[in-house]
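Please walk through this protein model with me. We start with confidence, then turn to a metal site and a sulfur bridge.

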Amino acid sequence: MNGEIMYKKSIFMVALVFTALLAFPKPPLIYSSPQYKYTQFNVLVVILLDVTHDGRYTSLVDKNLTKIFLELEKARLFYWRNSHLRFNINFTYIVTRMRCTFDGWWLGPDKVRRVINNLLKEYGLSWDEFDGVVALWAAPGYNEKEDPVGSVYGPGGAVYKYSSYQLDGAIAWLFVHEFHHQVDEDFRRSGFTEYPHADLPAQLPGNFGEHFDFNAYILRTWNESLWLKLKAPGLGMPRVVETLDADGDGVPDYDPNVPLDEIRLGSYLNSSDTDRDGLNDKEEAMAGIFFPSDPLSPDTDGDGVLDGIDPYPLYPVNPIVPKNQYNVIVENYINYPKNVEINYVLSALWNESGVFFNLLLDPTKVSRIHLFLDLDNNGWFHGKGNYELILDPLKDNPLTKAHLLDCVKAEKDPNEPCRWDDDPAHGGRIIRESDFKVYVSNEFKEGKVYRRIILGVPSNSETGFTPKMGTRIGLRIEIIPKGGIPWASVFERYNQVYLEFTASRPLPAEMSEAPKKVPPPKYPDKSIYIKSIVSRVKKDGTVEWSLMATNYYPSTVSNIVLKYENGTVLAEIPSLFPGETGILPLQLNLKKSKTTLLPERIIVEYYINNVKYSLTQKLNTIIVDIR
Ligand SMILES: [Ca+2]
Ligand SMILES: [Ca+2]
Ligand SMILES: [Ca+2]
Ligand SMILES: [Ca+2]
């Protein structure tokens with residue numbers, strides 16, 4: 001597939017030069033810097049700090065608001081990555097103390113429009129010129145801590161061009177999900193009625209998992225070129241932005257306006273496949289639904305299979321299940337959170353009676369394991385072969401729950417939901433815990449007691465699981481560790497890995513020398529990226545405004561100075577390590593003015609090897625109002 005893309009690209013380059021030669025006597029500079037096009041939607045985010053909901057007053061005044069900005073940043077990165085880097089969401093923020101009073105679960109657009117109408121006018125903005133509005137309201141359960149990537153909780157709602165939800169839900173998820181309804185409607189109004197509905201997974205064929213994975217699947221499988229035909233509601237026509245992509249690999253060179261470019265990916269501006277592993281830089285950026293692969297490492301997961309031919313470049317997984325003998329599928333690997341260590345080995349074998357999972361683990365670290373299996377190889381939301389098996393390793397019979405998600409009715413009728421077979425509304429169970437063979441034993445390993453659990457999942461003609469050569473099954477594993485962390489996901493959360501049943505074990509990979517990483521690129525003149533956020537609005541009228549400066553240069557950058565365009569120095573940072581983010585807290589007093597527009601451009605100066613560099617960066621538009 002990669003070869004095909006390379007081929008197409010080289011044809012494009014040749015064609016471009018050819019036409020240009022015909023049209024211009026002197027070749028213009030366009031050869032070295034092809035234009036890259038993406039669609040941009042301008043979305044207004046209204047953060048309502050003082051809310052009376054069902055008679056109960058809640059205020060986020062004096063609370064740390066940083067999380068809200070970071071979660072929304074995750075959401076726009078999700079859209080950008082999974083739309084093949086074609087759909088950019090540009091946020092304008094209003095952070096306001098204007099009182100909003102409403103009842104019931106739904107905060108509708110008319111109410112919010114009334115609350116902020118005069119404020120918008122004051123700043124020359126119009127609600128209708130935005131391509132979408134999102135209203136986020138203070139709720140009693142607001143938690144200042146950032147959510148783990150892939151968190152899903154809380155209610156929300158959407159109508160055309162507008163969605164709203166309370167700030168005690170998973171902000172990134174609620175944005176991704178609710179905004180997807182707006183995108184769907186915008187495609188419909190742009191003439192593309194076939195865009196899939198993000199609430200009806202059973203109606204869309206495909207091997208995708210739940211939540212984020214389903215949303216990513218829609219974005220990824222949608223024809224990439226149609227993103228440029230998506231009409232922006234505020235304009236009535238596509239809002240296409242051009243940027244530079246020197247090597248034509250589909251990753252913009254340097255563009256702080258979008259959530260990810262070559263500089264932040266860490267790839268070369270003049271090579272479409274930086275580490276020459278067969279996965280081009282855009283495919284590296286899109287390797288996961290949340291995370292990229294390493295564009296500098298030909299074997300990101302270190303499993304001996306080059307990224308370009310590795311079906312799962314992010315996961316050191318061996319997706320082969322041999323007949324009557326175990327093969328190790330995955331061991332010790334946790335995709336997220338990154339700093340969690342759980343010692344385990346998962347092996348599997350198959351025969352005509354079923355598939356057997358053999359799990360060895362340290363039971364002091366694990367309280368529960370959730371195995372999700374797509375046994376009929378058609379995705380989590382299709383057929384009946386969608387099992388959730390819950391294991392509690394210390395129990396005599398660790399299999400504490402076995403049920404399946406039945407989507408047969410939902411596939412035929414959009415008004416029918418998928419139902420668990422143990423839901424009383426389902427009309428009877430299809431599988432029971434007693435159907436499964438479970439063996440447990442204790443084993444000593446490195447002076448510790450380990451638990452071995454063998455779980456036999458029987459063949460079942462009703463659920464479509466009849467093991468034979470070539471059968472493929474989907475697997476997803478979530479571990480609930482002991483102490484503190486809510487969950488650890490073996491693969492990217494909600495993403496399924498597909499295992500194949502074979503005659504025998506795969507041959508051990510030839511141990512050749514590990515492929516070398518290529519050196520990181522050095523673009524000293526484009527090293528620092530700045531984000532502007534409101535971190536706190538205080539009762540006494542002061543506003544804590546923060547500038548987050550991140551160093552994307554592969555060595556330390558020093559004497560970083562941030563200035564207004566008129567030259568006034570705002571803040572200084574002595575140095576930033578590679579990848580480090582420095583947060584510069586600044587204070588503004590709104591006691592008199594009551595409202596302000598935060599700076600939309602900032603100059604950043606810094607030194608690398610005693611050479612001075614200077615960049616001007618555009619920041620998000622942020623209006624703060626304390627009336
Ligand atoms: Ca590029
Ligand atoms: Ca590149
Ligand atoms: Ca590559
Ligand atoms: Ca690999």
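pLDDT is the predictor's confidence in each residue, from 0 to 100. A contact means heavy atoms within 4.5 Å. This is a predicted model, in which local features need pLDDT of at least 70 and side-chain atom pairs count only at pLDDT 80 or more, while totals for chains, interfaces and linings use all residues. Residues are numbered from 1 along each chain as its sequence is written, chains are lettered from A and ligands numbered from 1 in the order in which they are written, and side-chain values use heavy atoms, leaving out hydrogens and water.

The protein chain has an average pLDDT of 93, and 94% of its residues score at least 70. Residues 1–31 stay under 50, with 14 contacts beyond four places in sequence. Where pLDDT is low, the predicted coordinates should not be read in detail.

Next, the metal. Which residues coordinate the calcium ion (ligand 4)? Asp299, Asp301, Asp303 and Asp310 each use OD, and Val305 uses O, at 2.2 to 2.4 Å. Donors are N, O and S atoms within 2.8 Å of the metal (3.2 Å for Na, K and Ca); water is not among the atoms, so sites may look incomplete. The donor spacing in sequence is D-x1-D-x1-D-x1-V-x4-D. Asp299 is buried, at 8% relative accessible area, whereas Asp303 is partly exposed at 24%. Buried means under 20%, exposed over 50%, partly exposed in between (1.4 Å probe, protein chains only).

Now the sulfur bridge. Cys407 and Cys418 form a disulfide (cysteine sulfur atoms within 2.5 Å), with their sulfur atoms 2.2 Å apart. The S-S torsion is about 120°, so this disulfide is right-handed. Cys407 is buried, at 0%.
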